[in-house]
Amino acid sequence: MAQQSQGANTRLQEVSRHEARAQRILDATATLILRWGYHKTTLDDISREAGVAKGTIYLHWKTREALFAALIKREKMEMAEEIKQRITADPQGATLRGILKHSALAVMKRPLLKAVLVRNMDVLGKLAQSEQSSAAYTERLEGFKIYLELLREHGLVRTDLSLQAQVYLFSAIFVGFFLVAPLMPDEFTLADEELAELMAEAAHCTLEPDRLAPSEALQTASHAFLEYLNHATAVAQEQFQREVLPIRPPERS
């Protein structure tokens, strides 16, 4: 029994070391991509920055692209956790206005995800485009459509527009504000909080009814949205942990 316990502890420590090493590699990758961009960042650069041998990176990810994709997945998980905390603390957080505001503020703190959102090819190269056309992106969009239907049922968004139109308008507001920001003259530059509030106001005026939202409907919406986020985060976390563990060769029979 003592030997089994010791063996289990040893395995846990090994897994912990592997995960810590993977996180260090991902940290180094994020630093270099933001410094030099996707195309100029090599595995040799990453190994030096992370303080590991180049071959060690291949123990976790088979290709450079798989490593970069894992980095984006980690960023999204961290952002989802922040959004969840923000919405939990905000009674209006689960409305479209609240979701857009809190999502925008979370993205603004994460340059890599901002690059994905606006498809910045200099920063993320082809990965920026592939992220938006992935199966995971389609799944998230379907989840958002289901949530919109719930909001419509509870009178929290307008029903005189089609669901398709509302998804399009919400996406145009969210992405559009990020796209136009760098094009504006300095005198029109806004602080992150101001920009997020304007985005939220645009969503409210375009998609939500004028009347005050009933508290029961807000509670229902908040519960449903947090359940969706919890499920999505748990699935992503499980996948991520599987991916960051070293790739082991098949055992001999």
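This report walks through the helices, salt bridges and surface of one predicted model.

## The overall picture

Let's start with the whole chain. Its secondary structure comes to twelve helices and zero strands.

How much of the chain is buried? Of the 253 residues, buried ones make up 41%.

## How helices pack

Here is a handy idea before looking at pairs. Two packed helices are described by the angle between their axes and the distance between those axes.

Take helix α4 (residues 64-88) and helix α12 (residues 215-244): their axes come within 10 Å and cross at roughly 155°. Angles over 145 degrees count as roughly antiparallel, so α4 is roughly antiparallel to α12. As for the hand of this crossing, α4 passes α12 in a left-handed way.

## Helix α11 and its partners

Now for α11, which spans residues 192-207. What angle does α11 make with α10? The two pack at about 160°, and their axes are 10 Å apart. That angle is over the 145-degree cut-off, so α10 and α11 are roughly antiparallel to each other. The crossing of α10 past α11 is right-handed.

Helix α5 (residues 96-108) packs against α11 too, at an angle of about 150° and with the axes 8 Å apart. Once again the label is roughly antiparallel, because the angle for α5 and α11 is over 145 degrees. The crossing of α5 and α11 is right-handed.

Is Ala 203 buried or exposed? Its relative accessible area is 0%, and buried means under 20%, so Ala 203 counts as buried. Ala 203 and Ile 173 are 30 residues apart in sequence, yet their C-alpha atoms are 6.9 Å apart in space.

Glu 194 is also found in helix α11. With a relative accessible area of 44%, Glu 194 is partly exposed. Look for Leu 105 as well: Glu 194 and Leu 105 are 89 residues apart in sequence and 10.0 Å apart in space, going from C-alpha to C-alpha.

## Salt bridges

How many salt bridges are there in the whole structure? A search finds 13. One of them joins Glu 82 and Arg 86, with the closest N and O atoms 3.1 Å apart. Why are these two separated by about one helical turn? Because Glu 82 and Arg 86 are four residues apart in helix α4. Glu 82 is buried, at 11% relative accessible area, while Arg 86 is partly exposed, at 27%. The pair also belongs to a network of salt bridges that links Glu 82, Arg 86, Lys 109 and Arg 110.

Another salt bridge brings together the side chains of Lys 145 and Glu 142, at 3.4 Å from N to O. Both residues lie in helix α9 (residues 135-153), three residues apart, which is about one turn of the helix. Lys 145 is partly exposed at 29% relative accessibility, and Glu 142 is partly exposed at 39%. Then there's Arg 158, which forms a salt bridge with Asp 160; here the closest N and O atoms are 2.9 Å apart. Arg 158 is partly exposed, with a relative accessible area of 26%. Asp 160 has a relative accessible area of 56%, and the cut-off for exposed is over 50%, so Asp 160 counts as exposed.

Which residues make the nonpolar surface patch of about 390 Å²? They are Val 180, Leu 183, Met 184 and Phe 188.

You'll find Phe 188 in the loop between α10 (163-180) and α11 (192-207). Its relative accessible area is 47%, so Phe 188 falls in the partly exposed class, between the 20% and 50% limits.

Terms used:
Residues numbered from 1 in each chain as written. Predicted model: local features only at pLDDT ≥ 70, side-chain atom pairs only at ≥ 80, totals over all residues. Heavy atoms only, no water. Patch = residues over 30% accessible without salt bridge, like charges linked within 9 Å, V, L, I, M, F, W, Y side chains within 5 Å. Areas by Shrake-Rupley, 256 points an atom, 1.4 Å probe, with all protein chains shown as cover. Salt bridge = Lys/Arg side-chain N within 4 Å of Asp/Glu carboxyl O. Buried < 20%, exposed > 50% of the residue type's maximum accessible area, 1.4 Å probe, protein only. Axes fitted to C-alpha atoms, helices over the stretch in contact; angles between N-to-C directions. Parallel < 35°, antiparallel > 145°, perpendicular 65-115°, else oblique. Left-handed = near helix turned anticlockwise from the far one by under 90°.
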